[in-house]
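Hi,

Have a look at the model first, then read on.

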Amino acid sequence: MHRRSDSAEARHISAAADVDIGPFRITNTNSQAQNESLKWHHEAMRLCLGGLYPCPEVVRSVLAPVVGRTKRILDIGCGNRIWALEMAQEFPHTEVWGWDRPQVQEMWTGEVPNNCRFETAPNYDFLENYEDKFDLIHMRFVAGGCTQFSKTMEDIQTSLRPGGLFILIDSTGDLLYEDGVSLVQMKSSQHPEGIRLQRLFYEVRHASVSMGFDENAMRSTLQEGMWGPDFSRLIDCGAEEVLFPIGPWARSSDPEEESSLKTVGELMKKSINMVRSGHEMVLKRLGFSERTLAAWHDEINKELYNEDLKLLLDTRVLWGRRSSGKTTISSHLPRAVQALQRKLYKGRHDGPSSPLSQTESTLGAKTYRYMRTFKSPTHWQNVTERRRRPNGFAHDPVPFVLRTTIRSRRSRSKEIS
Ligand SMILES: C[S@@+](CC[C@H](N)C(=O)[O-])C[C@H]1O[C@@H](n2cnc3c(N)ncnc32)[C@H](O)[C@@H]1O
């Protein structure tokens with residue numbers, strides 16, 4: 001089933017090849033800023049997952065060496081290459097491919113290890129030529145750059161070898177309060193007490209749709225997991241909700257955990273601060289006035305440094321393995337791995353989706369309290385359901401990009417509150 005974005009309604013800006021927008025899909029007009037931001041974000045993600053990937057036992061099983069066959073990893077939208085390079089180091093027997101757009105690949109000129117190759121990918125269609133090619137495909141903070149998200153998801157499933165693993169990581173762009181459930185009220189004329197950063201992400205999301213990016217389909221997948229018809233070729237699916245504290249506000253009775261949480265919070269604050277210029281550029285193209293942008297900039301600055309707000313950014317980690325279909329290769333994990341998986345996940349998933357009290361994962365060697373793992377669609381979808389009944393706030397404001405489609409450019413208001 002293909003979901004359709006509502007981009008046709010709002011499209012009045014041509015898709016710009018030089019922008020990726022969304023909380024962490026940033027412009028590449030300033031490579032230095034992009035690199036810094038990606039490094040911080042990578043580090044925060046690594047701390048929360050306790051490594052480079054979720055479901056470590058599945059990853060290790062899928063990548064285990066097999067005599068006479070090279071295991072292959074693909075990182076789609078590899079950005080500054082950091083994930084691909086670290087994977088190549090961790091799994092030296094594998095071949096790691098990193099794909100990104102030409103203007104991004106040109107930026108990175110460092111040494112490339114023998115088991116790595118970086119290539120340009122002008123768009124996602126290239127995947128059509130790679131049937132049954134990869135043992136692991138990783139796509140992190142890239143999905144909002146898809147113009148045909150469902151098609152890309154289909155191509156990825158085709159490009160996996162039977163038994164191969166797909167990992168999709170992205171942010172819904174929603175901010176939550178400390179309880180990890182309540183959506184943060186966004187600032188608007190109706191809610192002047194709301195949070196401007198939430199409003200910025202909201203406006204940028206709608207701008208992204210208007211530019212032809214399939215943000216809505218991507219968000220639906222993040223919310224529904226890989227159990228639906230779009231992922232009919234995947235089995236052993238799982239999902240994790242990772243909530244990043246923004247700023248060093250998170251506390252713990254365990255000093256080591258607190259220190260890690262503070263590190264994640266600092267990294268995220270810096271990362272968001274860095275990508276904001278890209279967001280502002282996009283809003284400017286939409287017609288936001290300089291005055292509005294400057295006012296929003298100041299407001300968000302204050303929010304990022306206000307530890308009393310205790311904001312969390314909602315990020316989703318999804319995975320699934322390609323079923324064997326009609327091939328003779330088993331798509332199931334070896335029994336020993338399944339037993340280990342059951343042991344590891346005992347009590348860690350599929351419980352009632354209570355707020356953060358039930359979280360379990362690693363943060364270094366420690367439990368990461370803002371993460372929950374799910375192995376069934378019902379429980380995963382509860383995560384989103386709970387959010388749909390937020391703390392009683394009214395309708396969202398009409399996004400700026402939609403306002404401008406129903407007014408002529410000349411009469412359009414340049415100010416927005
Ligand atoms: C926010 S960065 C994420 C980089 C990396 N995945 C990470 O997590 O550190 C998004 C990357 O996706 C790339 N990208 C966006 N759309 C793409 C496309 N259609 N084909 C290939 N790469 C794309 C961008 O150029 C950018 O480098």
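Once you skip the neighbours within four places in sequence, L312 is in contact with L175, L176, E178, G180, L243, F244, P245 and Y370 (contact: C-beta atoms, placed from the backbone, within 7 Å). L312 sits in strand β7, residues 312-322. It is buried, because 26 other C-beta atoms lie within 10 Å; the cut-offs are 20 or more for buried, 12 or fewer for exposed, and partly exposed in between, with C-beta atoms placed from the backbone. G247 is 65 residues away from L312 along the chain, yet their C-alpha atoms are 9.1 Å apart.

Before you go further: this is a predicted model, so local features need pLDDT of at least 70 and side-chain atom pairs count only at pLDDT 80 or more, while totals for chains, interfaces and linings use all residues. Numbering starts from 1 along each chain as its sequence is written.

Overall, the protein has 13 helices and eight strands. These are DSSP runs numbered from the N terminus (helices: H or I, at least four residues; strands: E, at least two). Of its 417 residues, 47% are buried. Among contacts between residues at least 6 apart in sequence, 74% join residues at least 24 apart.

Now the sheet. Eight strands make an open, mixed sheet in the order β3-β2-β1-β4-β5-β7-β6-β8, where pairing takes at least two DSSP bridges between two strands. β3 (116-120) and β8 (371-374) are the edge strands, each pairing on one side only. On average, neighbouring strands are turned by 15° against each other, direction ignored (axes are lines fitted to C-alpha atoms, for helices over the stretch in contact; angles run from 0 to 180 degrees between N-to-C directions). Helix α8 (residues 215-224) packs on the sheet and touches β5 and β7, its direction making about 100° with that of β5. Out at β3, the partner is strand β2 (residues 95-100), parallel over five bridges, and D100 has T120 as its bridge partner there.

F166 of β5 stands opposite I137 and has G320 in β7 as its bridge partner. Beyond four places in sequence, the contacts of F166 are I137, I156, L160, L234, W319 and G320. β4, helix α6 (residues 149-159) and β5 also form a right-handed β-α-β unit (with the strands pointing away from you, the path from the first strand over the helix to the second runs clockwise).

Helix α3 (residues 56-63) has V58, V59, V62 and L63 as its buried residues. Seen down the axis they fall within an arc of 120°, so they line one face of the helix; the arc is that of the directions from the helix axis to the C-beta atoms. Their cover includes β4, β5 and β6 (234-245).

Last, the largest nonpolar core: of its 102 residues, A44, I137, F166 and F244 touch the most other members. Such a core is a set of buried Ala, Val, Leu, Ile, Met, Phe, Trp, Tyr and Cys residues joined through C-beta atoms within 7 Å. Helix α9 (residues 255-286) gives the largest share, 10 residues.

Cheers

How values were computed
Contact = placed C-beta atoms within 7 Å.
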